[in-house]
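Hello,

Here is the structure I promised to pass on. Have a look, and my notes follow below.

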Amino acid sequence: MTADSSTPSGLTIAGAPISSPLKDVWALSRQMVGHFVENVAPCGTLPGDAIHGDVTTITRMNLEFAVSMLDGKDIPDKIERLKDAAAGWAREGVPIDTIHHAIHEGFKIGLELVVSGTAARQRSEGSEGDGTVVITLADYEALIGGAKLVVEMLDTMTTAVSTAYVRELKAVVSEHHTAVHTLTSALLGGHPTSTMARECGIEIADTYHVLALAIPPHPDETNPLLDTKVVARRKLRRLQAELATHTTHTTLSLLSTDGGTLLIPAHHHTPTDLDTLTTHLSTAARVPITATIVTTGTDTIPTAADQAHQLLDMVARLHSEPALYRFDDLALEYQLTRPGPGREYLGSLLDPLDHHPELLDTLQTHIAHNLNRQRTARLLHVHTNTVDYRLKRIGQLTGFDPTQASGLWYLRSALVARSYRAA
């Protein structure tokens with residue numbers, strides 16, 4: 001609903017404009033603000049300059065708008081002023097609930113003034129001998145018209161304020177997001193960041209946990225009846241919201257719908273916290289997230305990020321279960337990925353399985369799931385006895401027994417090296 005700015009004339013009661021009690025907008029706005037501070041909780045918590053500045057301005061502009069509507073005057077210019085003011089309040093951080101409380105409380109006070117002023121005029125001009133106020137049909141219709149205008153005014157004001165406020169807030173958030181994105185990119189690229197950090201209001205930590213994340217597709221992303229891009233974006237938004245809940249504003253991220261990098265200040269989170277965080281992120285995204293972590297000083301973030309993503313790639317090649325993996329846990333496997341004769345030799349150990357893909361698949365699944373025979377059988381849709389038989393055959397063909405620690409070490413190392421040799 002929008003106000004009809006073409007109203008030919010204002011509303012009157014007993015020959016006087018219904019807006020008469022609201023004409024002195026400057027004095028009345030100060031009176032209303034005093035009432036707000038005493039009775040409206042959000043207003044009472046604002047600093048003095050906000051009360052005497054923003055809140056008073058909000059109130060005065062609304063009064064001017066109300067008087068114009070009741071008098072049947074043009075209002076588009078006042079609506080634009082209200083929108084401009086709302087955009088400023090959004091940028092300055094004035095809470096939107098405070099703005100709406102002020103608008104509604106002001107309406108209540110203004111309505112009381114209009115009604116009480118009308119009653120006073122009727123008592124002085126048209127009362128019966130016993131003091132009963134006589135209201136003419138025209139005055140009654142004017143009051144009804146005024147009540148309808150009040151609802152229309154409230155609708156117009158709250159819509160204008162909310163629309164302008166949210167639009168500006170989105171712009172502010174976008175600016176901050178762009179600045180944070182640039183800061184994160186600079187840290188990952190090893191570029192100077194002091195100026196960008198000041199612009200973002202973010203303090204650069206001395207040490208960071210660098211996390212590389214792999215975010216698999218949500219099941220609905222393969223549903224042909226759904227917009228897969230929307231599903232993927234919603235997954236990412238849920239993850240980002242959870243990240244904001246469980247970390248500080250100094251956590252930096254570069255994320256897409258399939259993964260990315262997090263920079264988490266080390267002094268804010270313990271290693272145990274990060275395991276919990278990974279679990280929460282998986283729950284929020286509704287997909288099992290795999291992450292790897294390298295802790296490093298600020299000046300070596302680019303190298304650490306490269307290592308973290310190499311670890312993540314290695315974990316994916318090994319088909320390991322989704323979890324948080326640390327560099328210390330995978331240092332040996334990481335070293336095996338380095339080019340050289342050692343990697344070539346280890347990669348060749350599984351060549352005897354080239355003509356037995358079911359054996360290679362069984363070995364990979366068995367190692368990826370912590371040597372759990374029952375789970376390996378369930379994932380491969382075979383009996384546990386079949387798993388035992390295949391493991392025995394692997395030992396016979398390769399010369400390394402996967403049920404023995406020494407044989408298992410060589411076979412696991414061979415899987416790592418083989419995946420890179422094939423690449």
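**Aromatic pairs and a helix contact**

There are 2 aromatic pairs in the structure (ring centres of Phe, Tyr and Trp, the last by its six-membered ring, within 6.5 Å; planes under 30 degrees apart are stacked, over 60 edge-to-face, the rest tilted). F400 and Y410 are stacked, at 4.9 Å centre to centre with 20° between the planes. F400 sits in the loop between α15 (384-398) and α16 (405-422) and Y410 in helix α16, so this pair ties together parts 10 residues apart in sequence. W409 and Y410 pair edge-to-face, with 5.0 Å centre to centre and 80° between the planes. Together, F400, W409 and Y410 make one aromatic cluster.

F400 is buried at 17% relative accessibility, while Y410 at 32% is partly exposed, and W409 is partly exposed at 39% (buried is under 20% relative accessible area, exposed over 50%, partly exposed in between; 1.4 Å probe, protein chains only).

The axes of helix α14 (residues 373-380) and α15 come within 8 Å and cross at roughly 100° (lines fitted to C-alpha atoms over the stretch in contact, angles from 0 to 180 degrees between N-to-C directions; helices are DSSP runs of H or I, at least four residues, numbered from the N terminus). The two helices are therefore roughly perpendicular (65 to 115 degrees). R373, Q374, T376, A377 and L380 of α14 meet T384, V387, D388 and R390 of α15 (contact: heavy atoms within 4.5 Å).

The model is predicted: local features need pLDDT of at least 70, side-chain atom pairs count only at pLDDT 80 or more, and totals for chains, interfaces and linings use all residues. Residues are numbered from 1 along each chain as its sequence is written, and side-chain values use heavy atoms, leaving out hydrogens and water.

Best wishes

Definitions and conventions:
Parallel < 35°, antiparallel > 145°, perpendicular 65-115°, else oblique.
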